[in-house]
Amino acid sequence: MNNIDLRVYSFIDSLQPQLASYLATSSQGFLPVPGDACLWIEVAPGMAVHRLSDIALKATNVRLGEQVVERAFGSMEIHYRNQSDVLASGEAVLREINHAQEDRLPCRIAWKEIIRAITPDHATLINRQLRKGSMLLPGKSMFILETEPAGYIVQAANEAEKAAHVTLIDVRAFGNFGRLTMMGSEAETEEAMRAAEATIASINARARRAEGF
């Protein structure tokens with residue numbers, strides 16, 4: 001499988017409580033729990049993800065939480081309590097496609113912003129959209145982040161939650177762009193943003209450079 005493009009290879013050592021619960025809410029497969037190690041992989045073309053999921057599951061005891069096959073990209077999320085199992089399954093996938101972790105695409109921040117003292121009308125509109133996390137409260141600050149490729153948004157969300165007392169509103173890790181919405185005080189949302197940016201910088205330190213990034 002030498003014709004597979006590794007878009008995202010994102011390892012999370014310990015899922016934070018809010019993110020784990022959010023992924024469990026939206027998962028179509030086996031549900032992760034807080035503390036699980038997690039690996040998010042995105043490849044092109046999309047149909048290749050079926051074979052890679054099969055390889056990952058047969059390599060160790062990992063569970064498949066999510067698999068999304070789109071026209072252009074395919075995504076999978078595997079998790080398990082032991083980090084070694086998750087890492088070993090990831091290595092099996094990398095061997096199959098003849099890639100190293102560094103061959104993944106870098107992460108581009110397409111948009112980032114903190115909106116302070118959100119209005120009641122704005123909060124209500126967001127809460128009535130396709131939201132699977134907590135509700136956004138008027139008067140709080142809202143941190144929003146958009147990444148390309150989409151799958152990196154999960155690791156950014158996890159590290160933001162780990163670093164700051166923020167509330168997870170929404171995470172969308174599929175499609176062309178990943179999107180994250182969090183809520184908190186002005187200071188806490190600023191800290192969450194710094195943690196997310198630092199995470200993306202660490203990803204890019206171990207990723208190949210591609211045109212447009």
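These legends accompany a set of close-up views of a predicted model.

**View 1. The two stretches listed in the record.**
We start with the annotation. UniProt lists residues 5-106 and 108-213 under "domain: BMC circularly permuted". Over residues 5-106 the chain is 35% helix and 29% strand. The C-alpha atoms at the ends of that stretch are 13 Å apart.

**View 2. The open sheet with the order β1-β2-β4-β3.**
Four strands make up this open sheet, and their pairing is antiparallel. β1 and β3 (63-69) are the edge strands; each has a single partner strand, so one side of each is left without a neighbour in the sheet. From one strand to the next, the twist averages 10 degrees. Strand β4 (residues 74-80) pairs with β2 in the antiparallel sense, over seven bridges.

**View 3. The open sheet with the order β5-β6-β8-β7.**
Here, too, four strands form an open sheet with antiparallel pairing. Which strands stand at the edges? They are β5 (108-115) and β7; each has a single partner strand, so one side of each is left without a neighbour in the sheet. The twist from one strand to the next averages 10 degrees. β6 and β8 are joined over seven bridges, in the antiparallel sense. Glu-146 has Arg-179 of β8 as its bridge partner.

**View 4. The largest nonpolar core.**
This core holds 31 residues. Which of them touch the most other members? Leu-19, Phe-143, Leu-145, Val-171 and Leu-180 do. At least two residues of the core come from each of β1 (5-12), α1 (17-26), β2 (37-44), β6 (141-148), α5 (152-163), β7 (167-172), β8 (178-184) and α6 (186-204). α5 gives the most, with six residues. Domain 1 (5-103) and domain 2 (108-205) both contribute residues, so the core lies between them. Apart from this core lies another, of 21 residues, including Tyr-9, Ile-55, Met-76 and Leu-94.

**View 5. Phe-143 and Thr-189, two residues in contact.**
Phe-143 is one of the core residues that touch the most other members. Setting aside residues up to four places away in sequence, Phe-143 touches Glu-113, Ile-114, Leu-180, Thr-181, Met-182, Thr-189, Ala-192, Met-193 and Ala-196. Thr-189, from that list, is found in helix α6. Is Thr-189 buried or exposed? Its relative accessibility is 0%, so Thr-189 counts as buried. Neighbours within four places in sequence aside, Thr-189 is in contact with Ile-114, Ser-141, Phe-143, Val-166, Met-183 and Gly-184.

Backbone geometry is the topic of the last two views. The peptide bond from Ala-44 to Pro-45 is cis, and its omega is near 0 degrees. Pro-45 sits in the loop between β2 and α2 (48-59). The bond from Glu-148 to Pro-149 is cis as well, with omega near -5 degrees. Pro-149 sits in the loop between β6 and α5.

Most residues other than glycine have a negative phi, and most peptide bonds are trans. Asn-98 is not a glycine, yet its phi is positive, near 55 degrees. This residue lies in the loop between α3 and β5. With a relative accessible area of 57%, Asn-98 is exposed, the cut-off for that being over 50%. Ala-117, also not a glycine, has a positive phi of about 50 degrees. The loop between β5 and α4 (120-127) is where Ala-117 is placed.

Note on methods. Residues are numbered from 1 along each chain as its sequence is written. This is a predicted model: local features need pLDDT of at least 70, side-chain atom pairs count only at pLDDT 80 or more; totals for chains, interfaces and linings use all residues. Side-chain values use heavy atoms; hydrogens and water are left out. A nonpolar core is a set of buried Ala, Val, Leu, Ile, Met, Phe, Trp, Tyr and Cys residues joined through side-chain atoms within 4.5 Å. Buried means under 20% relative accessible area, exposed over 50%, partly exposed in between (1.4 Å probe, protein chains only). Domain bounds come from an automatic or database domain assignment. Contact means heavy atoms within 4.5 Å. UniProt positions are given in the numbering used here, feature names are shortened, and annotations may be inferred rather than shown by experiment. Two strands pair if DSSP finds at least two bridges between them. Axes are lines fitted to C-alpha atoms, for helices over the stretch in contact, and angles run from 0 to 180 degrees between N-to-C directions.
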